[in-house]
Amino acid sequence: MSHNTFGHLFRVTTYGESHGAGLGCVIDGCPPLIPLDVAEIQADLDRRRPGTSRFTTQRREPDEARILSGVMFDERTGKQVTTGTPICIHIDNVDQRSKDYGDIKEKYRPGHADFTYDAKYGIRDYRGGGRSSARETAARVAAGAVARKVIPGVKIRAALVQMGKVVIDRANWDWEEVPRNPFFSPDADSVGRFVHYLDAIRKAGSSVGAVLEVVAEGAPAGWGAPIYGKLDAEIAAALMSINAVKGVEIGDGFAAAALTGEENADEMRAGNDGAPRFLSNHAGGVLGGISTGQPIVARLAVKPTSSILASRQTVTRGGEETDISTKGRHDPCVGIRAAPVAEAMVACVLADAFLRHRGQVG
């Protein structure tokens, strides 16, 4: 299976399966002498970790990270630092229940990658989907924690702004509220509505999708490249690569189609520091594929979890028609835990953009 690596100078390769011995990532291109402790990686992994509330899968994975290479103790600073060599971060799987999938071994789950993996490779991992499982995103979060260390001046945060048909009130947006509730919602008033809505979905044995918004503040003007190295295109590709993501937009995205030229263009005035001061940010912080210095804003749409208890029509590997109901422990809304994953992918793209920018213009 190819295409497990992304990035140019800051390159990330992920490995492992949902029900294998473990998973992790290898990061190539991280600069040397950057302080890096496993606790910093663990903090991000704990935000994505399953089993933290009744609204996520009850699979109990501690997601304890181990740094296997690429760091050493620096006597000059008294800290563990990167060496400039490949950094390998490994996470053991400790709570697999492969027997939960025995009944569907020969059946394709609608909405899942079962059929396409089988069509391409002639084999598929029916135990939770293997590489197509959301479990793979733990490796991305670990890589994102390292990427943040490469660009410490950039703050990257994500929040859930819609679950199914329930939408937050943007007038109540408060970043401080995001870590206080199990939905990563920036609107405190939305939490009760999310609880009521998702409880009904969960009890029905079904699932629902979500929309998340990720914002990166502090990236200067100039990162990215025109045409085939556009920063917004690479952010979109990175977010689209997350399992279950079916749509990405930058800035106003599809809503820009309803605007006039006067409404959409981000007007500028002279700023106090000599740089332009933008009066709006419809572009989402990127123009011509290059960052403007404004907050970089992207949204991603996550589809409903494909593994559900409700019976659905399908076929077997042999082509026979049948029905399927997926047992096991699944997220009723996989989008809930997507916030730290989205942050990680944007962090990796921006770390790569920073290194490439530095390499080209000094």
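Which residues is leucine 350 in contact with, leaving aside its neighbours within four places in sequence? Select leucine 350 and you'll find Ile151, Val154, Ile156, Ala216, Trp223, Leu231 and Ile296 in contact with it (contact means heavy atoms within 4.5 Å).

A quick note before going on: this is a predicted model, where local features need pLDDT of at least 70, side-chain atom pairs count only at pLDDT 80 or more, and totals for chains, interfaces and linings use all residues. Residues are numbered from 1 along each chain as its sequence is written, and side-chain values use heavy atoms, with hydrogens and water left out.

**Stop 1: the core**

Helices here are DSSP runs (H or I, at least four residues), numbered from the N terminus.

**Stop 2: salt bridges**

How many salt bridges does a search of the whole structure find? There are 23, each being a side-chain nitrogen of Lys or Arg within 4 Å of a carboxyl oxygen of Asp or Glu.

Start with aspartate 44 and arginine 148, whose side chains meet at 3.2 Å, N to O. Aspartate 44 belongs to helix α1 (residues 38-48) and arginine 148 to helix α3 (residues 137-150), so this pair ties together parts that are 104 residues apart in sequence. Aspartate 44 is buried, with a relative accessible area of 13%, while arginine 148 is partly exposed at 23%. Buried means under 20% relative accessible area, exposed over 50%, and partly exposed in between (1.4 Å probe, protein chains only).

Next, pick glutamate 234 and arginine 356; their closest N and O atoms are 2.9 Å apart in a salt bridge. This one links distant parts of the chain, with glutamate 234 in helix α5 (residues 231-240) and arginine 356 in helix α7, 122 residues apart. Glutamate 234 counts as buried at 17% relative accessibility, and arginine 356 as partly exposed at 23%.

Then show Asp44, Arg47, Arg148 and Glu343 together: salt bridges that share partners join them into one network.

Aspartate 199 is buried at 13% relative accessibility; arginine 202 is partly exposed at 32%.

**Stop 3: two tryptophans**

The whole structure holds five aromatic pairs. Select tryptophan 173 and tryptophan 175: their ring centres are 5.2 Å apart and their planes lie at 75°, so the pair is edge-to-face. Rings of Phe, Tyr and Trp (its six-membered ring) pair if their centres lie within 6.5 Å; planes under 30 degrees apart count as stacked, over 60 as edge-to-face and the rest as tilted. Is each tryptophan buried or partly exposed? Tryptophan 173 is partly exposed at 23% relative accessibility, whereas tryptophan 175 is buried at 18%.

Terms used:
Helix = DSSP H or I, 4+ residues; strand = E, 2+ residues; numbered from the N terminus.
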